[in-house]
Amino acid sequence: MDKKTLSVAEAAAVVGISTRYMYDLVKTKGFPTIQIGRRLLVSAKGLEQWLDEQAQKGWDNGSGRINEI
């Protein structure tokens, strides 16, 4: 069974960014987080969808680069 949720550190590794930057991202509106008690988790499926949406926004602006998040 694949994991349904990722820790913030695991999500950062998947995306290829620092854990500190991922903590900044999880605070943004619409980011796929789940709070269970004091633990903050990232939805694996939601993260994939969120990344696809961000990539689409970046290509839609005609710059050929992904937008800053």
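V14 lies in helix α1, where helices are DSSP runs of H or I with at least four residues, and strands are E runs of at least two, both numbered from the N terminus. The model is predicted: local features need pLDDT of at least 70 and side-chain atom pairs count only at pLDDT 80 or more, while totals for chains, interfaces and linings use all residues. Residues are numbered from 1 along each chain as its sequence is written, and side-chain values use heavy atoms, with hydrogens and water left out.

At 58% relative accessibility, V14 counts as exposed; the term applies over 50% relative accessible area, buried applies under 20%, and partly exposed in between (1.4 Å probe, protein chains only). Together with A13, V14 is carried on the face of α1 turned away from the buried side of this helix. In α1, which spans residues 8–15, V8, A11 and A12 are buried. Seen down the helix axis, the buried residues of α1 fall within an arc of 100°, so they line one face; the arc is taken from the directions from the axis to the C-beta atoms.

## The nonpolar core

Which residues make up the largest nonpolar core? The eleven residues are L6, V8, A11, A12, M22, L25, V26, F31, V42, L47 and W50. Such a core is a set of buried Ala, Val, Leu, Ile, Met, Phe, Trp, Tyr and Cys residues joined through side-chain atoms within 4.5 Å. Helices α1, α2 and α3 each supply at least two residues of this core, and α1 gives the most, with three.

## An aromatic pair

The model has one aromatic pair, counted when rings of Phe, Tyr and Trp (its six-membered ring) have centres within 6.5 Å; planes under 30 degrees apart are stacked, over 60 edge-to-face, and the rest tilted. The ring centres of F31 and W50 are 4.7 Å apart with planes at 70°, so this pair is edge-to-face. F31 sits in the loop between α2 and β2, and W50 in helix α3, 19 residues apart. Both residues are buried.

## Salt bridges

There are two salt bridges, each a side-chain nitrogen of Lys or Arg within 4 Å of a carboxyl oxygen of Asp or Glu. K3 pairs with E10 at 2.8 Å between the closest N and O atoms. R20 and D24 form a salt bridge at 2.9 Å, N to O; both lie in helix α2, four residues apart.
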